[in-house]
Amino acid sequence: MSKNQNAPPHRDKAGRPEATVTKPVRASRRATPYLLALLSAMLLSLAFPPAEIAWLAYLALVPLLVMAVRTRSPRHALLAGWLGGIVFFGLNLHWVRPITWAGYFALIPYMGFYWAAFAWLIRRIEGTVRIPLAILAPVLWVPLEALRGWLLTGMPWLLVGHSQHADLLLIQTADLVGVYGTTFLVLATAGLLADLLAHPLILTLEGRRRVSRILAAMLLAVAGLWAATIGYGAWRLNQAAGRPGPVVTTIQTVIPQDLKNIVKSEQMQTAEAIRKEIDRIRQTERQMLDDQFRLTREALDAAATENLKSDLIVWPETMVPGIMNRAFLEYDSRALESYPELARLQERSRGYWEEIRAAAQEAAAPILFGGHSAELRLLRPDVMMFANQENTAFLITAGTPPYGAEHTYAKAHLVPFGEYVPFKETWPWLNERLRSFTPYGYDYSLTPGRHDQKPFLLRYDDRQARFQVAICYEDAMAYRIREMVRSPDPAQPKAVDFLVNISNDGWFDGSIELDQHLNLCVFRAVENRVPIVRSVNTGISAIITSDGEVVKVVERNGVRRMVTGYATARLALDDRVAPYTRHGDVLVWACTAAGGAAAALAAGRGIRRRKESCP
């Protein structure tokens with residue numbers, strides 16, 4: 001028994017034993033980790049639309065990093081990081097709510113957990129192994145961003161690097177290592193600042209003062225990283241602009257999604273309600289087509305005043321109603337006499353096709369538009385249904401034969417819940433319950449297209465150019481764009497000369513999603529050194545160079561969202577082959593290996609310490 005255990009208790013003036021008082025931990029100290037994580041969430045939000053104060057990204061994650069290394073335990077770091085992530089994504093993905101509240105409340109905690117995992121890993125590793133945050137922070141953050149962009153079909157939205165989209169000098173490294181190179185630069189800078197706050201730069205040892213060698217090395221390393229990034233960017237931007245490409249016109253419509261949506265069947269209780277819904281659909285379809293025809297004529301007239309003649313006209317995704325593939329349009333009309341709704345749909349779709357072909361003839365230029373493809377399947381003599389429905393881009397030229405597109409592309413990467421509901425084949429009962437949370441009251445699942453579809457061929461000025469179409473969020477998937485650009489033939493540098501992104505962002509009611517979508521598309525252009533033409537319902541439609549410069553935007557009076565309009569420009573085709581196109585996410589794999597090694601080293605030391613502390 002120790003001496004302290006035998007000591008008599010302290011007594012007050014009356015001779016009574018004094019109670020032992022434990023000093024409480026202040027509530028403010030308990031709240032500090034959460035406040036720091038919230039501060040990071042708010043600062044990083046300001047680096048993205050609508051504020052877009054890009055330089056704040058380099059400071060934003062410093063509070064989160066300081067919290068992670070200074071907080072009492074890994075558990076507190078995890079919970080505080082999770083709160084910060086939930087707030088950040090909750091603020092910046094609020095546009096999901098109008099589509100599905102259930103999806104929003106499921107998505108945000110999931111997205112926030114990546115912040116939680118990051119803070120927990122920082123606390124566990126840095127608390128055991130002395131690795132500077134200037135190294136540890138980017139090495140851990142980059143693989144987590146990449147995982148988020150892949151897991152569960154991927155949500156590569158609001159990557160830290162996206163905040164720097166407008167700084168052309170800094171983002172040119174994307175053709176080497178993708179957007180993750182910019183993310184790495186931001187996190188390395190934030191890590192260095194956190195190192196300087198968490199650890200003294202000037203050390204005092206045996207009465208003598210000297211500079212911390214580790215921090216001095218990190219200062220030099222991060223400065224070198226900045227110099228290399230700026231130097232590479234300047235070199236790339238000073239290279240030749242490329243050869244003249246086709247003149248492309250992009251059209252922007254404004255059809256809010258609530259006009260396109262079909263009212264759920266349980267809401268239509270009477271024949272009168274059904275008739276009104278049918279009339280509304282017909283009026284919306286007519287408006288969609290008339291707007292595109294009108295804007296196309298206006299765009300061609302405006303281009304003519306600039307001595308430009310369009311070689312390609314691009315309309316947004318799914319803005320042509322009906323089923324537009326040849327198999328449906330050429331289906332024997334007599335076989336549909338017993339199915340009046342299908343017969344009427346075929347008749348309308350044929351009419352739309354002829355109108356578009358006439359517009360292409362009038363414009364003397366091909367029209368690329370978005371619609372749907374489907375096959376008719378006879379289940380039994382009295383039941384016919386659609387099968388293999390696809391979200392498709394069609395190209396019609398002046399000489400296109402009736403009902404046969406020159407070329408088509410079917411969207412390969414589908415959006416969960418937006419274009420299909422999971423578990424249809426594996427767990428039908430779960431699929432049915434999940435569908436109750438979607439905007440539709442029926443099974444709207446699409447069939448994905450092949451990943452190796454051939455590119456489109458465009459002839460212009462006695463020359464030709466190849467292009468491919470990324471539909472909707474396919475441009476958010478870096479791997480999918482790489483698949484489109486990378487040539488399987490070693491003799492051909494690239495499979496395509498430019499890309500077209502058609503999208504329907506009418507779902508998001510003119511929110512900041514439109515800006516976010518444009519900004520991430522900038523990186524796809526730089527990563528693969530291809531110009532990109534965007535045609536987006538409700539905006540933001542634009543033409544982007546292979547250096548990431550947005551040279552044309554559809555706008556009216558300075559407004560880019562929820563306005564109709566058009567933009568025309570001649571593309572500059574880039575013959576440079578980007579290393580990123582060939583080799584992909586080398587940086588991600590290097591960071592994953594380094595982060596895994598650091599985690600393994602920390603775990604090994606932790607186990608050894610616990611063994612040494614045991615008697």
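**Figure 1. A look at helix α15, residues 340-363**. This is a predicted model, so to speak of local features we need pLDDT of at least 70, and side-chain atom pairs count only at pLDDT 80 or more, while totals for chains, interfaces and linings use all residues. Residues are numbered from 1 along each chain as its sequence is written, and side-chain values use heavy atoms, with hydrogens and water left out. Helix α15 has 24 residues and reaches 35 Å from its first C-alpha to its last, close to the 34 Å expected at 1.5 Å a residue; that expected span is 1.5 Å times one less than the number of residues. Helices here are DSSP runs of H or I with at least four residues, strands are runs of E with at least two, and both are numbered from the N terminus. Among the buried residues of α15 are L342, L345, W353 and A363. "Buried" means under 20% relative accessible area, "exposed" over 50%, and "partly exposed" in between, using a 1.4 Å probe and protein chains only.

**Figure 2. I323 and its neighbours**. I323 sits in the loop between β4 (312-314) and α14 (326-329). I323 counts as buried because its relative accessibility is 8%. Leaving out residues up to four places away in sequence, I323 touches F328, L329, L345, S349, H372, S373, A374 and F386; a contact means heavy atoms within 4.5 Å. From I323 to E375 it is 52 residues in sequence and 9.3 Å in space, C-alpha to C-alpha.

**Figure 3. R348 and E285 pair up**. The closest N and O atoms of this salt bridge are 3.4 Å apart. The pair links distant parts of the chain, with R348 in α15 and E285 in helix α13 (residues 271-305), 63 residues apart. A salt bridge, by the rule used here, is a side-chain nitrogen of Lys or Arg within 4 Å of a carboxyl oxygen of Asp or Glu. E285 is buried, because its relative accessible area is 9%. The whole structure has 26 salt bridges.

**Figure 4. The salt bridge between R576 and D547**. Here the N to O distance is 2.9 Å. R576 lies in the loop between β14 (565-573) and α19 (579-583), and D547 in the loop between β12 (542-544) and β13 (550-553), 29 residues apart. R576 counts as buried at 14% relative accessibility, and D547 does too, at 17%. Both belong to a network of salt bridges that also takes in D175, R236, R529 and D574.

**Figure 5. E527 and R524 in helix α18, residues 513-528**. The side chains of E527 and R524 meet in a salt bridge (2.7 Å, N to O). They are 3 residues apart in α18, so about one helical turn separates them. E527 and R524 are both buried.

**Figure 6. Helix α4, residues 62-70**. Of the 9 residues in α4, 8 are buried, so the helix is largely enclosed by the rest of the structure. The buried ones are V62, P63, L64, L65, V66, M67, A68 and V69.

**Figure 7. G85 in helix α5, residues 74-92**. G85 counts as buried at 0% relative accessibility. Setting aside neighbours within four places in sequence, G85 is in contact with G90, G112 and W115. The C-alpha atoms of G85 and W115 are separated by 5.2 Å, though the two residues are 30 apart along the chain.
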